[in-house]
Each structure stands twice: as structure tokens, then as C-alpha cells.
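I opened this entry to record strand pairing, turns and charged contacts.

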Amino acid sequence: MLRSLVGSEMCIRDRYTHRNGRDVGSSSSLGIGISTSQGNGWIGNCKTDYAYYNKLGKRNSGNMEQYGGEIENGDVIGVELDMDQGTLRFSHKKPNGEEEDLGIAFSELPRELAFYPTVSFDAEFMCWEFMEDL
């Protein structure tokens with residue numbers, strides 16, 4: 001079952017950071033990122049959706065490229081949108097405290113648009129906590 005969660009606060013300028021805590025089986029598909037729409041569907045299918053997917057990589061306009069690694073139970077994914085620079089980057093923090101900056105995933109983002117934090121997943125049960133910067 002496909003589900004998408006879209007944040008209610010728009011990101012229109014400056015720098016925004018949010019982190020997502022995850023607790024779901026490893027066989028599930030999971031996409032984390034930003035979107036300009038509040039519609040349904042997998043994040044990253046549209047030209048103005050940008051996502052990092054568990055086990056698959058980064059996705060925009062329906063195109064997938066290798067990026068990052070596997071997300072496991074208890075991991076925390078950081079999402080940093082810099083509207084001044086037009087970049088989106090991700091970080092990956094393991095339960096043992098080890099954190100990796102995955103680097104810039106997308107650049108030259110359209111600065112005239114408003115983005116929303118977005119998550120897409122196909123699990124029956126998933127526990128999420130949208131957190132401030134840790």
C-alpha cells in the first residue's frame with residue numbers, strides 16, 4: 001500500500017533542516033525528500049520532486065541514480081534544503097551515533113518554488129517522527 005506524507009510548512013527561502021526517524025521492515029520501499037505538490041504518488045516522479053530512496057538512490061523526474069546506502073531500523077535521515085544555494089543534501093545517522101554526510105544530492109533547484117518535506121513508503125505499519133535538527 002503506497003502512502004505519502006507531506007509536511008504542512010513550506011520552505012521558500014533560507015536553509016531548512018529536518019530529520020526523519022524510521023522504524024520499518026527492511027523489505028519496504030521508502031523515499032524521503034521534498035516536493036512542491038501535496039498530491040499522492042511516489043516522491044521523485046515529478047520534475048519538482050527530489051528524493052532519497054532506501055536501497056535505490058536519489059530520484060527526480062522519475063530518474064533514479066545511485067546515491068547513499070541502505071536505511072535500517074532506528075536510522076535517522078537528515079534532509080537539508082538550502083534555498084540560497086539551490087541545493088538538497090542528505091545525511092545518515094545510525095543508532096550507534098555514527099553519522100555520514102551523503103553530500104549534495106541535487107543542485108540548481110528552482111528557487112522560485114515552495115517545497116514541502118515529503119515521505120513516501122509502501123509499508124502497512126511505519127513509525128515516523130519529524131524532528132528538529134539534532
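I began at the turn between β4 and β5, where three residues sit between the strands of the hairpin and Lys-55 takes a positive phi near 70 degrees. The model is a predicted one, and I read every value below with that in mind.

**Entry 1**

Strand β4 covers residues 49-53 and strand β5 covers residues 57-60; the two are antiparallel, with three bridges. Tyr-53 has Gly-57 in β5 as its bridge partner.

I then followed β5 onward. Strand β6, residues 63-65, runs antiparallel to β5 and is joined to it by three bridges. I noted Arg-59 opposite Met-64 of β6. The hairpin of β5 and β6 has two residues between its strands, and Ser-61 has a positive phi there, near 55 degrees.

**Entry 2**

I moved on to strand β7, residues 76-82, which pairs with β8 in the antiparallel sense over seven bridges. Val-76 is bridged to Lys-93 in β8. Four residues lie between the strands of this hairpin, and Gly-86 takes a positive phi near 70 degrees.

How many residues of strand β8 are buried? I found five of the seven in residues 87-93, so I logged the strand as mostly covered, buried being under 20% relative accessible area.

On its other pairing, β8 is joined by six bridges to strand β9, residues 99-106, again in the antiparallel sense. Arg-89 stands opposite Ile-104 of β9. The β8 and β9 hairpin has five residues between the strands, with Gly-97 in the turn at a positive phi of about 95 degrees.

**Entry 3: salt bridges**

I counted three salt bridges in the model, and I checked the accessibility of both partners in each.

Lys-58 pairs with Glu-65, with 4.0 Å between the closest N and O atoms. Are the two partners buried or exposed? Lys-58 has a relative accessible area of 15% and counts as buried because that value is under 20%. Glu-65 is partly exposed, at 48%.

Asp-75 forms a salt bridge with Lys-94, and the closest N and O atoms are 3.6 Å apart. The pair links distant parts of the chain, since Asp-75 is in the loop between β6 and β7 while Lys-94 is in the loop between β8 and β9, 19 residues apart. Asp-75 is buried at 1% relative accessibility, whereas Lys-94 is partly exposed at 26%.

The side chains of Asp-101 and Arg-89 also meet in a salt bridge, 2.9 Å from N to O. I placed Asp-101 in strand β9 and Arg-89 in strand β8, twelve residues apart, so this pair too links distant parts of the chain. I logged Asp-101 as partly exposed, with 47% relative accessibility. Arg-89 is partly exposed as well, at 24%.

**Entry 4: cross-reference**

Notes
Residues are numbered from 1 along each chain as its sequence is written. This is a predicted model: local features need pLDDT of at least 70, side-chain atom pairs count only at pLDDT 80 or more; totals for chains, interfaces and linings use all residues. Side-chain values use heavy atoms; hydrogens and water are left out. Two strands pair if DSSP finds at least two bridges between them. Buried means under 20% relative accessible area, exposed over 50%, partly exposed in between (1.4 Å probe, protein chains only).
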